[in-house]
Amino acid sequence: GGEALSGLARAFISSGAGSVLATNWKVDATASSLQTRALLQGLAGGRTTVAQALAGSQRLLYTQAETAHPFYWAGFQLIGDGGVRL
């Protein structure tokens, strides 16, 4: 449930992580692979915040007919500071 997710995120943040990216439900492997790859590519240049990169990776999926349903792109939740650039 939500308490388990918030407890896990709290543990990482208490240990020094600025933010945590977690899933709310079991995600589709193919879609999450595409989303994760797009997220990391968005962060690679250092000009995009984590929140912006996540939004861009979600947009990549919800603009395609095969992955437009929220099941495919809305499973990831950013907890913590989304304004960080890596």
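## S57 in helix α3

S57 sits in helix α3, which covers residues 50–62; helices (H or I, at least four residues) and strands (E, at least two) are DSSP runs, numbered from the N terminus. The model is predicted, so local features need pLDDT of at least 70 and side-chain atom pairs count only at pLDDT 80 or more, while totals for chains, interfaces and linings use all residues. Residues are numbered from 1 along each chain as its sequence is written, and side-chain values use heavy atoms, with hydrogens and water left out.

S57 has a relative accessible area of 1% and is buried (under 20% relative accessible area; exposed is over 50% and partly exposed in between, with a 1.4 Å probe and protein chains only). A polar atom of the S57 side chain lies 2.8 Å from the backbone oxygen of L54. Setting aside neighbours within four places in sequence, S57 is in contact (heavy atoms within 4.5 Å) with Q35, A38 and L39.

## The largest nonpolar core

Six residues form the largest nonpolar core: L39, L43, V50, A53, L54 and F76. Such a core is a set of buried Ala, Val, Leu, Ile, Met, Phe, Trp, Tyr and Cys residues joined through side-chain atoms within 4.5 Å. Helices α2 (29–44) and α3 are the elements that give two or more residues to this core, and α3 supplies the largest share, three residues.

Not counting residues up to four places away in sequence, L43 touches T48, T49, V50, A53 and L86.

## A22 in strand β1

A22 belongs to strand β1, residues 19–23. With a relative accessible area of 12%, A22 is buried. The C-alpha atoms of A22 and A9 are 8.0 Å apart, and the two residues are 13 residues apart along the chain.

How values were computed. Polar contact = N/O pair within 3.5 Å; in protein donor to acceptor, adjacent residues only side chain to side chain.
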